[in-house]
Amino acid sequence: MSILKKSRILSVDDVEDNLTLVRTLLEDEGYYVDSAISGETALKKVEELPPDLIILDVMMPGIDGYEVTQRIRNNPKINYIPILLLTAHPESSVIKGLDAGADDFISKPFQIGELLARVRSLLRLKHSIDEQEKMTLQREDFVSRLTHDLRTPLIAADRMLNLFLQEVFGPVPSAMKQPINVMIRSNQNLLEMVNTLLEVYRFEAGKKSLNFELCNLTTIVGEVVSELTPLAFEKNLILKLDTHELNSTENHQVTVKGDGLELRRVFSNLIGNAIKFTDTGSIKIRIFEALSPINNFNQVIIQVQDTGYGIAAEDQGTIFERFRQGKNQTSGSGLGLHLSSRIVEAHEGKIELLSELGKGSTFTVKLPKITG
């Protein structure tokens, strides 16, 4: 017996004879059939044991087929289930049913062959979607496990290389110190990539927990700038933090509610990218406040502006998507900006890009400000 023939179908109709007819037809074809004589009963059965397909009469007392369809589609706990509407009414009711979330419809009285064909078609659709979701979950689980397992040897390698550089195991020839430093940087880059990939999949799987508390955003950004200043110095770049637009009575401090470590990750990525993709000139970070034109609330705005390569117009619309890389030869994994956007969204903020190829880029982060 095929997978489709083993499928479980829920038939919903307030007329017993109609339920008997549909049950007989489908069971003769090898399907498992359950019945419900009202919309209320159908919703309970769907929540208790979701079927593979619902054949739903439109006109029923109490909750009609339209409302049953809407409730199922609006319930985030119910995975996708194809819904086939049975209707004896004109085209307007069909449009209403499809707008409510139904997948197909069949008019009463129906042809047996047509009913069975539509059932087979919707069950194939259900099976295909289930297989895709299964593969997606397996892939995400594999990547999560892989990245988690990779962290241990990478951390061990980093510690061992640093011990060599510190000459814990004996003198290291001068000619070897530079290659060891290169290996340390390469290992750290790989570890950062693995950590970023792991964080991305935690977000995607809904397993990422954020620790919200009051955060001094000026301090966080200032510390990131201090940490990355040596990288800018190596490339003869000017790295400047500008806070003079903040209220001087607050000593240039601004507070948001968020996860300090995750916000630090965002600004480390944005400022680090600015240094990476800028060969000459400067990186300027501005922090100021503004009133949101949409929601009329105070927000903190952090801009990271560079004089680097810039991002092509055709890449700007997808730059925050997962695994989207720019065309620059030094582009990374395509995960850092995606993760940054997810973190900012989790803080009820926005991240925007303004860039022109050859003239640099400006990334703008907008976060709600804590007042009072």
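Is the crossing of α2 and α3 right-handed or left-handed? In this predicted model, where local features need pLDDT of at least 70, side-chain atom pairs count only at pLDDT 80 or more, and totals for chains, interfaces and linings use all residues, the crossing of α2 and α3 is right-handed. Residues are numbered from 1 along each chain as its sequence is written, and side-chain values use heavy atoms, with hydrogens and water left out.

Helices (H or I, at least four residues) and strands (E, at least two) are DSSP runs numbered from the N terminus. A crossing is left-handed if the near helix is turned anticlockwise from the far one by less than a right angle, and right-handed if clockwise.

Helix α2 (residues 39-48) packs against helix α3 (residues 65-74) at an angle of about 20°, with the axes 10 Å apart; axes are lines fitted to C-alpha atoms, for helices over the stretch in contact, and angles run from 0 to 180 degrees between N-to-C directions. That angle makes α2 roughly parallel to α3 (angles under 35 degrees count as roughly parallel, over 145 as roughly antiparallel, 65 to 115 as roughly perpendicular and the rest as oblique). On the α2 side, the contact (heavy atoms within 4.5 Å) is made by Gly39, Leu43 and Val46, and on the α3 side by Val68, Arg71 and Ile72. By class, these are four nonpolar, one polar and one charged residues, where Ala, Val, Leu, Ile, Met, Phe, Trp, Tyr, Cys and Pro count as nonpolar, Asp, Glu, Lys and Arg as charged, and the others, Gly among them, as polar.

Residues of α7 including Leu217, Ile220 and Leu231 meet residues of α8 including Leu263, Phe267 and Ile271. This contact has 12 nonpolar, three polar and three charged residues.

On the scale of the chain, the domain assignment (automatic or from a database) gives domain 1 (6-109), domain 2 (133-203) and domain 3 (211-366). Nine residues of domain 2 are in contact with 12 residues of domain 3. About 870 Å² is buried between domain 2 and domain 3, with carbon and sulfur atoms giving 71%; buried area is the accessible area (1.4 Å probe) that two parts lose on being put together, summed over both.

Two backbone details complete the picture. The peptide bond from Lys108 to Pro109 is cis, with omega near -10°, and Pro109 is found in the loop between β5 (104-107) and α5 (112-165). Glu167, in the loop between α5 and α6 (174-204), has phi near 60°, a positive value in a residue other than glycine.
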